[in-house]
Amino acid sequence: MAFKGWFALRLIAWLALFTGCATALAFSIAAPGLPATRATLAAATLLAGFLLWQHVSRTNRELARFIDSVRFGDLSAAFSGTRQGSGFDRLGTALSHAITQLRAERGRQGEVLTFYEAMIEQVPVPILTVDPAGHVTLANTAARHLFAHLPAHDLAQFARVSSGLAQQLEQRGTSGRQLVLLNLPDGAQRAMVNSATLARPEGATRIVTIEPVQAALNAAEIAAQSDLVRVLTHEIMNSLTPITSLAHSAAALLAEDDPAAAADARAAVATLARRADGVMGFVRSYRLVSRPPDIHRQRFAAQPFADEIARLFAADWPPPRTRLAVSVSPADLTLNADPDLLAQVLINLLRNGAEAAAARGDDHEIALALDIAAGHQRDRITVTDNGPGIPEAVLADLFLPFFTTKPQGTGIGLSLARQIVLAHNGTIEASNGSVGARFDIRI
């Protein structure tokens, strides 16, 4: 308000001066003589007009100077202290404060940019960028170390390292994750390539990250082999121990020249044959587990699918002794999976739950729930029972092939179930609920 009042007063004063000088000049022109007076009044009128124009345009000049400072990035300009004693000091102070804030904001942005540049530089995952012209840049230390052997950083050189990586760099591959094989001087190794396209003013830029996973895969493979050998050794030893004992007994009986001993030997050999068939069945089961399932996904309604599972389950575990509670939420829920293989998984889990619940007496309660996991886009399937639960000591081995806690179990049911779920790019987890066991499947 003070600026506006002072500006108006000065405007009126300069306007009055200009008007007065112009009027006096007009009268002097009309009067005879007075050349010196006319010259003086003409000069005074011009001066008053100039001062009036300068007063009116001063705000525009200061604003234009401010805009030019911002436009050209000159944040060192100062505006306060101009025209001391005038209302324009307020304008200059405001513009100077704005420049100071812009300078501070630029400093903060510079600090943030420096932080992110340092973070990207130190990230252990190699990062590459591809500009719209197809030029590849090694964006951090890890990338420069991984591809230090390349004489140039063009697409042809990266194609020699990995065709899959070159496809991602050339944007021929779809954005996302892809497992590729890198041919490096130290030997071939597998890596997970992640790519995305970012929109920038100069055009789309491809961001590609490379995560070497060979060491992790080797460790997982060794651990899996160790677990498999441990389980196979346990099962084979359990099968071969009685066979070995029976073979020695049959050999001893056949060495005797006694009809009764010959009959016992025939019985021992018959037992050996049955046990050999058992071992052969075990080997066939191993071959079954070693084959990955062939998934045929389709979209289908969850409620009719769950009802059919309930009918199949009731054929082996009829009510009222065994009660199966089925819930589907929302009612129009649809699943995107292989219905036949998923049914195989659920029937196996429900039967295991019923057998576990049967160990507690006559009250067998099993529950099957299909819904959407909270905070996720995946479908969730939960199977629970009111049995004794899963011993904590065996939770980690529950899905291993041929691992079983049942006297007559084969140990392939849960392993196959896990293979089927993993083939759907899903997860399956076993845990103990408030009562009994709980299996959670997310697909």
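In strand 5 of this predicted model, V208 is the bridge partner of L128, strands here being DSSP runs of type E with at least two residues, just as helices are H or I runs of at least four residues, both numbered from the N terminus. This bridge belongs with the pairing of strand 1 (residues 127–130) and strand 5 (residues 203–212), which is antiparallel and extends over four bridges; two strands are taken to pair if DSSP finds at least two bridges between them. Strand 5 also pairs in the antiparallel sense with strand 4 (residues 187–200), over ten bridges, and T205 in strand 5 stands opposite L198. A hairpin of two residues joins strand 4 to strand 5.

Residues are numbered from 1 along each chain as its sequence is written. Local features need pLDDT of at least 70, side-chain atom pairs count only at pLDDT 80 or more, and totals for chains, interfaces and linings use all residues, while side-chain values use heavy atoms, with hydrogens and water left out.

An open sheet of five strands shows mixed pairing in the order 7-9-10-12-11, with strand 7 (322–328) and strand 11 (427–432) as its edges, each pairing on one side only. Neighbouring strands of this sheet are turned by 15° against each other on average, direction ignored, where axes are lines fitted to C-alpha atoms, for helices over the stretch in contact (heavy atoms within 4.5 Å), and angles run from 0 to 180 degrees between N-to-C directions. Strand 11 and strand 12 (residues 437–442) are antiparallel over six bridges, and A430 has F439 of strand 12 as its bridge partner. Helix 10 (residues 339–358) lies across strands 7, 9 (364–372), 10 (379–385), 11 and 12, and runs at about 145° to strand 9.
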